[in-house]
Every structure is written in C-alpha cells, then in structure tokens.
Amino acid sequence: MVGASWLFTRYIVDQFGTALPGKLVQTTLTGAANVAAQTGQPFEQTISRWALANWVSDLSGFSASSELQYTSWHFRRTFRSLHTQDSIAHRHDFPLAYPLVPIFSAANAVNVSGKLWSGSGQYVRAVQPAGGAAFTLHFSANGTTAVSPAVTPRLIVLRIR
C-alpha cells in the first residue's frame with residue numbers, strides 16, 4: 001500500500017506540478033475529495049488515468065497521451081536496468097524486467113479471481129480479434145455474490161490496435 005501511495009503521488013505531481021503536495025497538506029480535506037479539489041478533476045478520472053499510466057507510460061510501440069505518462073520516471077528503462085544489474089550480481093531483487101505483468105487472455109475467456117489490496121489493481125490484456133463477437137464482463141465477490149456496496153470497482157479500458 002505504501003508503494004502504491006508513493007506511485008500515485010509521483011503521478012499526480014508529474015501531472016499537476018510540484019506545488020501540489022503543499023496544496024494537499026494545507027487543507028482540512030482528505031482522501032479522494034482532497035485530490036479532486038486540488039487537481040480540479042474528478043478523482044475517478046485521475047485514478048483511472050494513473051492506472052493506465054502504470055502500464056502505458058514509456059511502453060514500447062505505444063504513444064501515450066500526456067495524461068497517461070510519468071514525466072519524472074521512465075519505469076521500463078529503470079526496471080530493465082535494475083533487472084540486468086541484478087542478474088549479473090546473481091541476486092533476485094528484480095526478477096522481472098518490468099514488475100507489472102498483465103494476465104493475457106482471449107476477451108471472451110477472461111476469468112480473474114483473488115484479493116485486491118488497497119492501492120492495487122488487476123491488469124488483464126483481453127485480446128479481441130477484429131470483428132470478434134461482443135462479450136460481457138461480470139464482477140462478483142465470489143463468482144455468484146454481488147460485490148459489496150462498500151467497494152467501488154473500477155473498470156478501465158484501453159484499446160491498443
């Protein structure tokens with residue numbers, strides 16, 4: 001959770017400027033309401049763009065719009081370097097060249113289960129062929145029970161051709 005908080009803060013500072021942290025702490029507002037008030041954008045929009053930026057910012061072969069980019073970090077290049085150095089040193093601190101590895105599935109066969117921790121998300125590449133049949137996504141707590149009203153699930157879709 002701490003890592004996700006840092007990453008979100010890094011993203012919003014990159015997007016809204018270095019004065020933002022001061023604005024966030026100089027108010028009685030907290031949480032999502034504070035972020036929305038200080039950025040001037042709905043929290044849902046900011047958090048959705050952040051989730052997409054984690055995948056597409058400096059993604060090879062993809063030109064991300066400015067709101068889907070980190071400007072102060074190049075995560076793929078940095079992680080690839082750490083992974084290479086780690087491999088040479090025979091350690092296992094950075095076993096992957098990039099730690100975000102989406103599940104890959106045919107669109108009509110997506111089936112994801114497990115826990116979502118605060119500040120986390122599940123990334124899934126649902127691959128749909130051109131002209132493929134429509135499909136429906138169903139969200140549930142355990143396969144049959146509706147998601148608790150206390151939980152606000154977010155589905156963020158990015159179409160990459």
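**Close-up 1. Helix H4 and its buried residues.** Phe43, Thr46, Ile47, Ser48, Trp50, Ala51, Leu52, Ala53, Asn54, Trp55 and Val56 are the buried residues of helix H4, where buried means under 20% relative accessible area, exposed over 50%, and partly exposed in between (1.4 Å probe, protein chains only). The model is predicted: local features need pLDDT of at least 70, side-chain atom pairs count only at pLDDT 80 or more, and totals for chains, interfaces and linings use all residues. Residues are numbered from 1 along each chain as its sequence is written, and side-chain values use heavy atoms, with hydrogens and water left out. H4 is mostly covered, with eleven of its 14 residues buried. The helix runs over residues 43-56 and reaches 20 Å from its first C-alpha to its last, close to the 20 Å expected at 1.5 Å a residue; the expected span is 1.5 Å times one less than the number of residues. Helices (H or I, at least four residues) and strands (E, at least two) are DSSP runs, numbered from the N terminus.

**Close-up 2. Asp58, after helix H4.** H4 is followed by Asp58, which is found in the loop between H4 and H5. The phi of Asp58 is near 55°, a positive value in a residue other than glycine. Asp58 counts as partly exposed because its relative accessibility is 29%.

Close-up 3. Helix H5 covers residues 75-88, which makes 14 residues. From its first C-alpha to its last, H5 reaches 20 Å, close to the 20 Å expected at 1.5 Å a residue. Phe75, Arg76 and Asp86 are buried in H5. They cover an arc of only 95° around the axis, so they are on the same side of H5; the arc is that of the directions from the helix axis to the C-beta atoms. The face of H5 turned away from the buried side carries the exposed residues Arg77 and Ile88.

**Close-up 4. His90, after helix H5.** His90 follows H5 and is found in the loop between H5 and strand E1 (103-106). Although His90 is not a glycine, its phi is positive, at about 60°. The relative accessibility of His90 is 66%, so His90 counts as exposed.

**Close-up 5. The salt-bridge network of Asp86, Arg91 and Asp93.** These three residues, Asp86, Arg91 and Asp93, are linked in a network of salt bridges, a salt bridge being a side-chain nitrogen of Lys or Arg within 4 Å of a carboxyl oxygen of Asp or Glu. The side chains of Arg91 and Asp86 meet at 3.4 Å, N to O, and those of Asp93 and Arg91 at 3.6 Å, N to O. Asp86 lies in helix H5 and is buried, with a relative accessible area of 2%. Asp93 is exposed, with a relative accessible area of 53%. Not counting residues up to four places away in sequence, Asp86 touches Arg91, His92, Asp93, Phe94 and Pro95; contact means heavy atoms within 4.5 Å.

**Close-up 6. The salt bridge of Arg10 and Asp14 in helix H1.** The side chains of Arg10 and Asp14 meet in a salt bridge at 2.8 Å, N to O. Arg10 and Asp14 are four residues apart in helix H1 (residues 2-16), so about one helical turn separates them. Arg10 counts as partly exposed, at 23% relative accessibility, whereas Asp14 counts as buried, at 14%. In the protein, the count comes to three salt bridges.

**Close-up 7. A nonpolar patch on the surface.** Phe135, Leu137, Phe139, Leu155 and Val157 form this patch, with about 500 Å² of accessible area together. Patches are made of residues with over 30% relative accessible area and no salt bridge: like charges are joined within 9 Å, nonpolar side chains (Val, Leu, Ile, Met, Phe, Trp, Tyr) within 5 Å. Accessible areas come from the Shrake-Rupley method with a 1.4 Å probe; for residues, only the protein chains shown count as cover. Leu155 is found in the segment after strand E2 (124-127) and counts as exposed, at 51% relative accessibility.

**Setting of the views.** The protein has five helices and two strands, in the pattern α-α-α-α-α-β-β along the sequence. Its C-alpha trace spans about 50 × 50 × 30 Å along the principal axes. Buried residues make up 23% of the 161 residues.
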